Amino acid sequence: MPSVYFQTFGCQMNSADSDEIRALLAERGFLPCGSPAESDLIVVNTCSVREAAERRARSRIAEFASAKRARAGQRLWVVGCMAERLGDKLKEEIPGVDLVIGAKRMERIGEAIEAHFPKGIDVGADTGGVAKIGISRHLPPIFSKTAVTDFVPVMRGCDNYCAYCIVPYVRGNERSVPYESVESAVKEKVDAGIKEITFLGQNVNSYNYNGIDFPELLSKIAETSGLARIRFTTSHPKDCTERLIEVIASSGKFASHTHLPVQAGSDRILSLMNRKYTASRYRCLLDMIRTRLPRADITSDIMVGFPTESDAEFRETLELLRAARFTTAFMFAYSKRAGTAAASMEEGISQAEKMARLTELITLQTEITREIYEKAVGEELEVLVTERQQKRDLAWMGQDAGCKRVLISC
Ligand code: 5AD
Ligand code: SF4
């Protein structure tokens, strides 16, 4: 049977897209393969959000392309955000790339796969002609990382145009997945043994399908029997409403975790970023969440070195961090992305300064995270065990109802 190797960069949406491609290929008889050298097809799913992510993807693709010459018949596909941004230029840049499928085509990926590998493979006269040898979309657990958690994209694209961000350009405008499709995807997964679903979208709070908004979608899906826990990401603070928090607080089905990217603590920088909230409005939001969900983990994305950010403004970000007490945060140095509004702004900060700010930020957040985790010592947590850790003495791995990853050695 043919085999496929995946290399996925970037966010959870990319992981979900890779899973979908894997499932479509499985229906056509492709088995997952753990080694690029031995696979018939390599799929590289790319990210464009920062320059470093593109650099990593490019060098991996180039590696695969040059190794590919040694293996007759192997195909190399590049999909996702960088594929969207660069298109077929990638084929010229890296000879050996056979197919480029951009992120905007992801919800129609079935058509692209069908065009290359039509369902129903001719396995020869012995079987009496054409036989379908594809396996089910649902891979047996030995092939998938975890058999209990899965993603369901509910919306794609973004209309927010934050000044630094390439996403609206490579993923296109917001589109919500029809409610019926979300519901049937959840049911299908739960029937296949999935216990926890994470709804994905660049800005899930913008979900709206024929009048069904995100809080309504959540309360309807919470009724699904057999589904133990629901997560979602990412929420834009400007759209995170009291009604949404009420829905989460009113059912035991939701993870007590909110990922709420703040990006910066200075109002001038937030306004330049086009984030549409102030630091104090963000802090009110945190108060509202903590009043309704006192035990909730709140996590965030934070950026340093946005064009013209002064040292005093960076210190406002540190101050916000101290007040917010995020359980964890993803922290980045600003990376210029061609075509975005920020790309035409004078940066006025050296790379060394950006890195020094990032180090200071990470040091502070690491300390806060450590304090929060130390407080959990001695607590009893309900953990959904998700997978076997290969490295650390074969411990089991899982996640509590919030965002804490848990290792269970046994
Ligand atoms: N430079 C640095 N970080 C960025 N992000 C998005 N665009 C950029 C960029 N140009 C970060 C934001 C966002 C997260 C997914 O990536 O913090 O929330
Ligand atoms: Fe990018 Fe802003 Fe949209 Fe998030 S909300 S994907 S940061 S443009």
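Reader: What is the average pLDDT of the protein chain?
Author: The average is 91, and 93% of the residues score at least 70. Here pLDDT is the predictor's confidence in each residue, from 0 to 100.

Reader: And where is the pLDDT below 50?
Author: That applies to residues 122–133, a stretch that has 14 contacts in the model beyond near neighbours in sequence. A contact means heavy atoms within 4.5 Å. Where pLDDT is low, the predicted coordinates should not be read in detail.

Reader: Which domains are assigned?
Author: Domain 1 spans 3–116 and domain 2 spans 381–410, with bounds from an automatic or database domain assignment. Their centres, taken over C-alpha atoms, are separated by 30 Å.

Reader: Changing topic, which residues are around ligand 2?
Author: The shell consists of Cys158, Asn160, Tyr161, Cys162, Tyr164, Cys165, Val167, Pro168, Gln202, His236 and Arg275. A residue is counted when one of its heavy atoms lies within 4 Å of the molecule.

Reader: How many of those are nonpolar, polar and charged?
Author: The shell divides into 7 nonpolar, 3 polar and 1 charged. In this scheme Ala, Val, Leu, Ile, Met, Phe, Trp, Tyr, Cys and Pro are nonpolar, Asp, Glu, Lys and Arg are charged, and the others, Gly among them, are polar.

Reader: Now the sheets. What is the order of the sheet with E8?
Author: Its 3 strands form an open sheet in the order E8-E11-E14, with parallel pairing. The edge strands, E8 (149–153) and E14 (229–233), each pair on one side only. From one strand to the next, the twist averages 25°. Strands (E, at least two residues) and helices (H or I, at least four) are DSSP runs numbered from the N terminus, and two strands pair if DSSP finds at least two bridges between them.

Reader: How many bridges join E11 to E14?
Author: There are 5, with E11 covering residues 196–200; Thr198 has Arg231 in E14 as a bridge partner. Helix H1 (residues 12–26) packs on this sheet, touching E8, E11 and E14, and its direction makes about 95° with that of E8. Axes are lines fitted to C-alpha atoms, for helices over the stretch in contact, and angles run from 0 to 180 degrees between N-to-C directions.

Reader: What does Asp150 touch?
Author: Asp150, in strand E8, touches Asp19, Lys189, Ile194, Glu196, Ile197 and Thr198, not counting residues up to four places away in sequence.

Reader: And the sheet with E15, why is one side of each edge strand left without a neighbour?
Author: This open sheet of 3 strands has the order E15-E16-E17, paired in parallel. E15 and E17 (329–333) stand at the edges with a single partner strand each, so one side of each has no neighbour in the sheet. Helix H13 (residues 351–375) packs on the sheet, touching E16 and E17, at about 170° to the direction of E17.

Reader: Finally, which peptide bond is cis?
Author: The bond from Thr233 to Thr234 is cis, with omega near 10°. Thr234 is placed in the loop between E14 and helix H9 (242–249).

Terms used
Residues are numbered from 1 along each chain as its sequence is written. Chains are lettered from A and ligands numbered from 1 in the order in which they are written. This is a predicted model: local features need pLDDT of at least 70, side-chain atom pairs count only at pLDDT 80 or more; totals for chains, interfaces and linings use all residues. Side-chain values use heavy atoms; hydrogens and water are left out.
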